[in-house]
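I'd like to walk you through one model, starting with a cavity and moving on to helix packing.

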Amino acid sequence: MTLLAPATAAEVRTVLARAYVDDPLMVWAFPDEATRLDAVAAWVGLFAERSLEVGRVDVVRSEGAVVAVATWRLPDDPVPSAQALPSVPGLLTALVGAEHAAAVGAGLARMRPLVPSRPHAYLHMLAVDPGHRGRGLAREVLAHGLVRAQERGLGVHLETTNPSAVPFYERNGWSASGRALLADGGPELVAMWRPAEAGPSGVS
């Protein structure tokens, strides 16, 4: 296994889509199972492209292929241009229609009060290709970002709608800092915080 960056946008969004296609957030946002994988690739790929632009994507490769991805945001990273297309809400509307896109947008807005007001590192997405899970790759791809956060004295915030991911984060220094139900009958989002004092080591 080798840790390399950067990767191409296509490589990153493919791993993210394969890893996130069954996430409760994605199942709710993209209810059509037949088109969900491509829809997830398009939507999360847009976020990944913006992280790639500022050098905040870490990947692990196995035999040349990207198999694990972590995307980050730091406090002084440039804000994407408002004129850049597609926009996040515009792409979502194109994928699922205006009515459902509005419902998803309203649900995602419920996470805003959970975002820390203090400067922090944001772990936006962490993904391991389903065919390579159980090999410690999530810990491996996290390591560089945790070092960067520690060097700047930053705690790390994340959100997840995947209940099975919570124990992993708890074992690696995070604790739940808030919860939000994104919609009636929809997924619950868990916000988690890892203090800077936890340091970059001890990931297990």
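Let's start inside: the largest cavity has a volume of about 40 Å³. Before I go on, this is a predicted model, where local features need pLDDT of at least 70 and side-chain atom pairs count only at pLDDT 80 or more, while totals for chains, interfaces and linings use all residues. Residues are numbered from 1 along each chain as its sequence is written, and side-chain values use heavy atoms, with hydrogens and water left out.

Points are joined across faces, edges and corners, and the volume is the space filled by probe spheres set on them. By this rule there is one cavity of 30 Å³ or more.

Who lines the largest cavity? Leu146, Ala149, Gln150, Leu154, Val156, Arg194, Pro195, Ala196 and Gly199 do. Helix α6 (residues 137-151) gives the most to that lining, with three residues; helices here are DSSP runs of H or I, at least four residues, and strands are runs of E, at least two, numbered from the N terminus. By class, the lining has six nonpolar, two polar and one charged residues. Ala, Val, Leu, Ile, Met, Phe, Trp, Tyr, Cys and Pro count as nonpolar, Asp, Glu, Lys and Arg as charged, and the others, Gly among them, as polar.

Now to the helices. Two packed helices are described by the angle between their axes and the distance between the axes. Axes are lines fitted to C-alpha atoms, for helices over the stretch in contact, and angles run from 0 to 180 degrees between N-to-C directions.

Take helix α3 (residues 33-53) and α4: their axes come within 10 Å and cross at roughly 170 degrees. The two are therefore roughly antiparallel to each other; that label needs an angle over 145 degrees, under 35 is roughly parallel, 65 to 115 roughly perpendicular, and the rest oblique. On the α3 side, Ala39, Ala42, Trp43, Leu46, Phe47 and Arg50 meet Val88, Leu91, Leu92 and Leu95 in α4, where contact means heavy atoms within 4.5 Å. These residues divide into nine nonpolar, no polar and one charged.

What about α4 (residues 88-96) and α5 (residues 98-109)? Their axes come within 7 Å and cross at roughly 135 degrees. That makes α4 oblique to α5. Leu92, Thr93 and Val96 of α4 make the contact with Ala98, His100, Ala101 and Val104 of α5. Here we have five nonpolar, two polar and no charged residues.

Helix α1 (residues 9-20) packs on α3 at an angle of about 130 degrees, with the axes 8 Å apart. So α1 and α3 are oblique to each other. Among the residues in this contact are Arg13 and Leu16 of α1 and Val44 and Glu49 of α3.

Two backbone details to finish. A cis peptide bond joins Leu85 and Pro86, with omega about 0 degrees, and Pro86 is found in the loop between β3 (65-73) and α4. Glu63, although not a glycine, has a positive phi of about 50 degrees, and this residue lies in the loop between β2 (57-62) and β3.

Key:
On a 1 Å grid over the protein atoms alone, a cavity is a set of points where a 1.4 Å probe fits but cannot get out, and a pocket is an open set with protein on both sides within 12 Å along at least five of seven lines; lining residues have an atom within 4 Å of a point.
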